[in-house]
Every structure is written in C-alpha cells, then in structure tokens.
Amino acid sequence: MSIPDAIRKRLRLPVIGSPLFIISNPDMVIAQCKAGIIGSFPALNARPGPVLEEWLKRITSELAEYDAKHPDRPSAPFAVNQIVHKSNDRLQHDIDMCVKYKAPVIITSLGAQESLNKAIHSYGGIVLHDVINQKFAHKAIEKGADGLILVAAGAGGHAGVQSPFAFVRETREWFDGPIALSGAIATGEAVLAAQAMGADFGYIGSAFIATKEANASDPHKQAIVDASAEDIVYTNLFTGVHGNYLRPSIVNAGLDPDNLPVSDPSKMNFGSGGNTKAKAWKDIWGSGQGIGAVKAVVSVAEMVDRLEREYLAAKKRVA
C-alpha cells in the first residue's frame with residue numbers, strides 16, 4: 001500500500017469520508033476522525049471566511065484532546081477540501097488558514113495549483129487531487145499533488161463516467177502513490193474491493209449524509225435511506241459540471257428528471273441551480289449510486305462500526 005506511515009498507523013479502516021458541500025461540518029469531521037477514518041469538509045462550508053479558522057481551531061483542539069486521552073487509539077487525520085477555481089475568491093485565505101493549523105491532508109478539486117501544493121508541503125501536509133480521467137490525473141501529479149482521488153462512475157455530486165476497474169488499473173500503470181477510489185462505495189465489502197483493484201482508500205460520501213451529525217435536512221437524510229441506484233440522475237444542469245443527484249429532489253423542484261436541459265459548462269455556478277430556481281446541493285440533493293446499502297439514519301460511529309464489520313467479514317470470505 002502507498003498510504004504514508006504517519007496516516008496508516010492512525011487508521012481503523014482505509015476510508016476517507018469525502019467532503020460534502022453544506023453537509024460536512026466540524027461535528028461530522030470530528031466524529032469520523034474519532035471513529036478511525038479520515039474526516040473531511042469543504043473549506044467553503046465555513047462561512048463567512050473567518051469561520052474557517054474557528055472550525056480548524058475546534059477540530060485540531062478537540063482531536064488533540066481526544067488523542068491525549070486515548071494514546072492507544074488516536075484519532076485519524078482530518079482533511080480540508082479546497083476548490084481551486086477562479087470563482088473561489090477565498091482560496092488564498094483558506095490555504096493560509098490550513099497552513100497555520102497544519103491541516104494534515106488537503107483535497108483539491110477543479111484545478112491543480114503548484115503554489116498550493118508547495119504551501120501544504122511546507123509543513124509536511126499531503127495533497128490529494130480529485131480527477132475524472134487520466135488527463136487531469138497526469139496534470140495533478142505533474143503539478144506536485146501527492147495522491148489522486150479517482151472519481152469514477154456512480155459517485156455522488158460531481159462525478160466521472162469511467163468504470164472504477166478501468167480507471168484504477170490505467171492509473172496504476174504509471175502512478176504508485178496514494179489513490180482513493182470514489183464511486184458507489186457505501187459498504188465494507190466495497191472498500192475491500194477498492195483495495196483489491198489497487199486503490200489505497202475507499203472514498204465514501206453519500207452514506208454519511210444519513211448520519212445524525214450531518215448538516216442535512218431530515219427529508220434529505222430520509223431520502224438517502226429510501227432511495228436506490230435507480231433514483232440517481234446524472235446531469236450538468238444545476239452547476240454546469242456533470243454530477244449525480246437524487247431524483248426525488250429534482251421532482252420536488254418541479255422538474256422532469258428524464259427531460260432535463262443541458263447547461264453551459266463555461267458558466268459554472270456551484271450553488272445557483274443553473275437555469276432553475278432550485279439551488280444545487282440545498283434543494284437539489286447530490287448522491288451516489290451506492291445508497292441502496294443505507295437502511296437507517298445512524299451516528300457516524302455506528303456507520304463506521306458497520307463498515308468495519310463488513311470489511312473484516314469480507315476479508316475472511318476471500319482469505
């Protein structure tokens with residue numbers, strides 16, 4: 001495995017809880033890290049900008065306190081997601097905050113930036129960049145990213161269309177660093193399968209929407225429990241970038257999920273809802289195809305317990 005030792009030793013499971021716009025918050029991140037998986041959040045969830053420092057201060061202090069009380073099983077590292085796109089006028093401020101608090105892992109999206117990577121490397125942090133194809137994967141590594149998040153078909157939110165089997169194999173032909181695989185991963189068996197294919201981490205997002213700590217509405221959480229893969233719609237209407245969304249939320253917005261227009265990708269807007277009055281993420285709910293495995297709203301700790309049981313049982317079956 002290519003997971004750095006400093007991270008591997010603190011993991012209960014090879015899982016990253018993916019950053020969920022609006023939904024990921026300090027409560028969720030802290031719970032994920034205490035449960036033994038990497039917890040993450042988008043920097044832009046902390047609004048306005050000064051709130052980011054409050055979040056980082058709370059996360060680092062609470063995890064340090066937990067580690068002091070549990071030296072035999074310390075918390076997993078946390079990660080902060082940075083949107084590297086010209087529309088993000090907070091990027092430099094948010095990078096500076098991450099450097100100040102020495103965020104262990106940075107997840108970059110929608111653009112690779114050498115200066116960002118150097119800033120994170122200055123204190124020993126690592127950068128994972130999410131990509132949907134080999135072109136962007138090569139570019140990310142060339143610009144100094146340490147690892148890749150392969151966003152395959154079936155992933156929640158902004159997602160690619162490639163099979164995870166092909167995506168991981170082709171990436172491993174030229175890259176031996178850390179790889180996280182995203183795409184319909186919601187069980188321990190799927191995490192083990194990701195490792196068997198050559199990835200180091202399972203990247204899980206949608207399943208954590210249905211947790212008590214998540215900053216999601218009760219209807220959204222219940223929709224995750226009630227829905228299955230057939231309820232996921234792939235469209236670029238709402239942000240200009242193709243992504244997977246819950247069909248019921250599209251219907252509730254007064255739209256026909258089977259006849260959605262195509263949005264202009266050059267006019268990306270990550271919250272407006274594109275040409276609709278509905279707001280992406282708030283009204284139109286992102287979700288991946290793996291949610292059929294989610295049967296109830298539970299705590300983060302209970303979710304990770306389930307993942308571990310399934311993961312260990314799967315390892316025994318294939319041993």
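**Packing and backbone geometry, in question and answer**

Biologist: What is the relative accessible area of Trp174?

Modeller: Trp174 is partly exposed, a class lying between buried (under 20% relative accessible area) and exposed (over 50%), with a 1.4 Å probe and protein chains only. This is a predicted model, in which local features need pLDDT of at least 70 and side-chain atom pairs count only at pLDDT 80 or more, whereas totals for chains, interfaces and linings use all residues. Residues are numbered from 1 along each chain as its sequence is written, and side-chain values use heavy atoms, with hydrogens and water left out. The relative accessible area of Trp174 is 29%.

Biologist: How are the rings of Trp174 and Phe175 arranged: stacked, edge-to-face or tilted?

Modeller: A search of the whole structure finds 4 aromatic pairs, where rings of Phe, Tyr and Trp (its six-membered ring) pair if their centres lie within 6.5 Å; planes under 30 degrees apart count as stacked, over 60 as edge-to-face and the rest as tilted. The centres of the Trp174 and Phe175 rings are 5.6 Å apart and their planes meet at 45°, so this pair is tilted.

Biologist: Which residues form a cluster linked by ring pairs?

Modeller: Phe238 and Tyr245 have ring centres 5.2 Å apart and planes at 70°, so their pair is edge-to-face. Both Phe238 and Tyr245 are buried. Ring pairs extend the group to a cluster of Phe238, Tyr245 and Trp281.

Biologist: Which residue is the bridge partner of Tyr234 in E11?

Modeller: E7, E11 and E10 form, in that order, an open sheet of 3 strands with antiparallel pairing; its edge strands, each pairing on one side only, are E7 (157-158) and E10 (232-235). Helices (H or I, at least four residues) and strands (E, at least two) are DSSP runs numbered from the N terminus, and two strands pair if DSSP finds at least two bridges between them. E10 and E11 (residues 243-246) are antiparallel over 4 bridges. Within this pairing, the partner of Tyr234 is Asn244.

Biologist: Which strand pairs with E2 in the parallel sense, and which of its residues is the bridge partner of Ser40?

Modeller: The strand is E3, which pairs with E2 over 4 bridges. In E3, 6 of the 6 residues are buried, so the strand is largely enclosed by the rest of the structure. Its covered faces carry Phe78, Val80 and Gln82 on one side and Ala79, Asn81 and Ile83 on the other. The bridge partner of Ser40 is Ala79.

Biologist: At what angle do H8 and H11 pack?

Modeller: Helix H8 (residues 188-197) and helix H11 (residues 300-318) have axes 7 Å apart and pack at about 55°; axes are lines fitted to C-alpha atoms, for helices over the stretch in contact, and angles run from 0 to 180 degrees between N-to-C directions. That makes H8 oblique to H11, since angles under 35 degrees count as roughly parallel, over 145 as roughly antiparallel, 65 to 115 as roughly perpendicular and the rest as oblique. Contact (heavy atoms within 4.5 Å) involves residues of H8 including Val191 and Leu192, and residues of H11 including Leu307 and Tyr311. The packing angle is about 55°.

Biologist: How many residues of H2 are buried?

Modeller: The buried residues of helix H2 (residues 26-35) pack against E1 (15-17), E2, H3, E3 and H11. Among them are Met28, Val29, Ile30 and Cys33. H2 is followed by Gly36, whose phi is positive, near 105°. Of the 10 residues of H2, the number buried is 8.

Biologist: Which residues does a cis peptide bond join?

Modeller: Most residues other than glycine have a negative phi, and most peptide bonds are trans. Lys102 has a positive phi of about 50°, and Ala184 one near 65°. Pro48 lies in the loop between E2 (39-42) and H3 (51-69). With omega about -5°, the cis bond joins Arg47 and Pro48.
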